[in-house]
Amino acid sequence: MSISTSTAAAATTAPGLAALQERLRDDLLTLGWPAKAWITPTSRNGQPVHDVIVIGAGQAGLALNVALQQVGIKPVLLDQSPLDFEGPWATTARMETLRSPKELTGPAMGIPSLSFRAWFIAQFGIETWTTLDKIPRLQWMDYLRWYRRVTAADVRNSHEVVAVRPQADGVVEVDVKANNVIATWQTRRLVLATGRDGLGGATIPAFMQGVDKKFWAHSSDELDYATLAGKHLGVVGAGASAMDSAATALESGAASVDLLIRRKQLPQINKSKGSGVPGLTHGQYLLPDEWKWRIRHYINAQQVPPPHGSTLRVSRHDNAFFNLGCAVQSATVVGDKLHVQTTAGVFVLDFLIISTGFAIDWSLRPEFADIAPHVKLWNNRFTPEAGDEDAELSASPDLGPLFEFQEKVPGELPGLDHIHCFCYPAALSHGTVSGDIPAISDGARKLAQGIASLFYRDDIEQHFAKLQAYAEPELDGSEWTAADSASRIQQLQQ
């Protein structure tokens, strides 16, 4: 990063968060944020109807909150996590640092004083920022906690959504459990900002079916790695999460960690980085189906390599073993050990960590049981050429232009299009703008502006009536004197 001498000198005495927050207040005032509310409150069956409810208060939900308030809509965010533990950062994520470059602005929504960079420099100074390589994971969580507070996000923690039912009149009913009581909330638009596993959960390979859970865990599970001290572990996979899990186990005192890697060579180039250009960020939805599929499938097939630092974090341990060309075939409990059969032979282990990513699997999300059978998927829309099949892409929802679900059979579930999928499974339809750090502001802005346009369209008669009734005078009649036109004409003719 290029830093001018004057900037560096001015930052040697960082003013702290109080000064940054004052600067942010002024920036928001300058931008007219939040915008004036313009939607008439509504009720149904004697109960209030929210304009927008967002499920999830992680970085996607928080960014969308700012974007919606930029267009005069204040959403309610429901999150099942306790306060300050939204998202994976302080629970199931185990990387030391984020994988994204520190310069990416993430959810800052184009407001410099809302960026991680500004937050960091306010506390630690420009010189520390300059020497920082990547953002520490828990520091990113602290930033999101601060972000939530300074943007006045209306987050309801420990609120679990247990059912979602779109109605023909355009209202979505949402059953919400809080304090062991289930109540039905109502909203005109519902947004799922539910993260990478937003429409499913962890992928569990067939070879683990029936194996006692005391012998294994998925890398996304909450797990006290201290309990693995002194044990011989296996880790299935070689992606970022596999490296993070292996390193955490080694640092927690594991006797050994064997990475069981199907490929004979680790992928070395992150093709997804090569796709991060504005044309694709903003234009994925406009591409022909063939190109949407081709790009996303190519990235999937090439696979994303584990980060350089994450891999070194494992390999620096003498008791870490990279077993390449070692595909797992079966796992069997024998006494108090797990015998893992691979193409290279049998590994006798105490515990196995499965790092096999996430799948779109509606059966894992009972709260969506009412809508799951009706959602149009890409396998209902598109058949790839032989050799380009991709289970993840086939299962992805076929979304409309504003991330909305579409009916598999038109007319079978009216109101389904009032639910917007702003999480990772939207990637095939819209690109990676609904969860990952690089383009989360772009996605949030697109969705928020789209929702505003939908509200105006839906209430067009009401808004036209308001336009007709608008009567705030710009002039009061004292600003001019009417000329005597006849006299003036006579003067000009002389």
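## Cavities in the predicted model

Two cavities of 30 Å³ or more are counted in this predicted model, where a cavity is a set of points, on a 1 Å grid over the protein atoms alone, at which a 1.4 Å probe fits but cannot get out. Grid points are joined across faces, edges and corners, and a volume is the space filled by probe spheres set on the points. Residues are numbered from 1 along each chain as its sequence is written. Local features need pLDDT of at least 70 and side-chain atom pairs count only at pLDDT 80 or more, while totals for chains, interfaces and linings use all residues, and side-chain values use heavy atoms, with hydrogens and water left out.

## The largest cavity

The largest cavity holds about 50 Å³ of space, and its lining, meaning residues with an atom within 4 Å of a point, includes Ala57, Gly58, Asp84, Glu86 and Met141. Helix α6 gives the most to this lining, with five residues, and α3 and α6 each supply at least two; helices here are DSSP runs of H or I with at least four residues, numbered from the N terminus.

By class, the lining of the largest cavity has four nonpolar, two polar and five charged residues. In this scheme Ala, Val, Leu, Ile, Met, Phe, Trp, Tyr, Cys and Pro count as nonpolar, Asp, Glu, Lys and Arg as charged, and the others, Gly among them, as polar.

## The second largest cavity

The second largest cavity has a volume of about 30 Å³, and among the residues that line it are Tyr424, Ala427, Val433 and Asp436. Its lining divides into three nonpolar, four polar and one charged.

## How α3 packs with α6

Helix α3 (residues 59-70) and helix α6 (residues 137-150) pack at an angle of about 30 degrees, with their axes 11 Å apart; axes are lines fitted to C-alpha atoms over the stretch in contact, and angles run from 0 to 180 degrees between N-to-C directions. That angle makes α3 roughly parallel to α6, a term used for angles under 35 degrees.

In the contact, which means heavy atoms within 4.5 Å, Gln59, Leu62, Ala63 and Val66 of α3 meet Trp140, Leu144, Tyr147 and Arg148 of α6. These residues divide into six nonpolar, one polar and one charged.

## How α7 packs with α11

Helix α7 (residues 240-251) and helix α11 (residues 308-315) pack at an angle of about 35 degrees, with their axes 8 Å apart. The residues of this contact divide into five nonpolar, three polar and three charged.

Note on methods:
Angles under 35 degrees count as roughly parallel, over 145 as roughly antiparallel, 65 to 115 as roughly perpendicular and the rest as oblique. On a 1 Å grid over the protein atoms alone, a cavity is a set of points where a 1.4 Å probe fits but cannot get out, and a pocket is an open set with protein on both sides within 12 Å along at least five of seven lines; lining residues have an atom within 4 Å of a point.
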